[in-house]
Amino acid sequence: MPSLASFVKELLFWTLASAVTLVAILYLLLATVGLAPTPYDCITETRGRISGVSGFDFEISETDCDTLAKDAAISIFASRPGQARKVLLFKFDPAYDDLMPVVTSVDQHTVQISIPRISSLFLRREKLKDLFIIYKIDLIDHP
């Protein structure tokens with residue numbers, strides 16, 4: 001015949017196991033619908049907008065992701081004025097948080113994107129329809 005101590009241990013084990021399982025299931029359900037944080041959450045913040053440069057509007061955004069390690073990217077999008085559709089022109093890993101790219105008009109069909117230093121380059125588009133893009137990047141840490 002089992003002792004009272006053995007019965008209490010068994011009851012405590014199954015109570016805790018059930019509670020942990022219930023909490024895990026609840027977390028997974030909430031994470032699936034976006035109501036609980038996950039280690040793969042990314043936050044995108046618009047860092048700047050420039051309107052009417054060589055006939056285009058530009059948006060600079062920063063995306064920070066918490067995966068196994070911190071991951072950040074700066075993106076520059078272009079669109080025609082008044083249009084919602086944006087095209088990604090430039091995406092890079094910033095060398096420093098406070099260094100933001102600058103978009104300037106060179107002429108009616110050319111813009112220059114300048115930044116002193118980036119860590120690594122993900123994407124660089126040289127042309128968008130009738131717009132040419134020149135890049136002035138002084139240093140790329142990991143080309």
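Visitor: How far apart are the mean positions of the positive and negative charges of the chain?

Guide: Lys and Arg count as positive, Asp and Glu as negative; His and the chain ends are not counted. Each charge is placed at NZ of Lys, CZ of Arg, CG of Asp or CD of Glu. Here the chain has 14 positive and 17 negative charges, and their mean positions lie 6 Å apart.

Visitor: What kind of model is this, and how are residues numbered?

Guide: This is a predicted model, in which local features need pLDDT of at least 70 and side-chain atom pairs count only at pLDDT 80 or more, while totals for chains, interfaces and linings use all residues. Residues are numbered from 1 along each chain as its sequence is written, and side-chain values use heavy atoms, with hydrogens and water left out.

Visitor: Which elements does the chain contain, and in what order?

Guide: Helices (H or I, at least four residues) and strands (E, at least two) are DSSP runs, numbered from the N terminus. This chain has one helix and eight strands. From the N terminus the order is α-β-β-β-β-β-β-β-β.

Visitor: How does the radius of gyration of the chain stand against a compact globule?

Guide: The radius is taken over C-alpha atoms, and the globule rule is 2.2 Å times the number of residues to the power 0.38. For 143 residues a compact globule would be near 15 Å; the chain has 25 Å. The C-alpha trace spans about 90 × 35 × 20 Å along its principal axes.

Visitor: How many disulfides are there, and which cysteines form a disulfide?

Guide: A disulfide is a covalent bond between the sulfur atoms of two cysteines. The rule used is a pair of cysteine sulfur atoms within 2.5 Å. The count is one disulfide. Cys42 and Cys65 form it, with sulfur atoms 2.0 Å apart. The link is right-handed, with 110° about the S-S bond. It joins distant parts of the chain: Cys42 sits in strand 1 (residues 42-53) and Cys65 in strand 2 (residues 56-66), 23 residues apart.

Visitor: Is Cys65 buried or exposed?

Guide: Buried means under 20% relative accessible area, exposed over 50%, partly exposed in between (1.4 Å probe, protein chains only). Cys65 is buried at 10%. Across the chain, 29% of the 143 residues count as buried.

Visitor: Which residues is Ser61 in contact with?

Guide: Contact means heavy atoms within 4.5 Å. Ser61 is in strand 2 and is buried, with a relative accessible area of 3%. Leaving aside neighbours within four places in sequence, Ser61 contacts Thr44, Glu45, Thr46, Arg47, Ala73, Ile74, Ser75 and Phe77.
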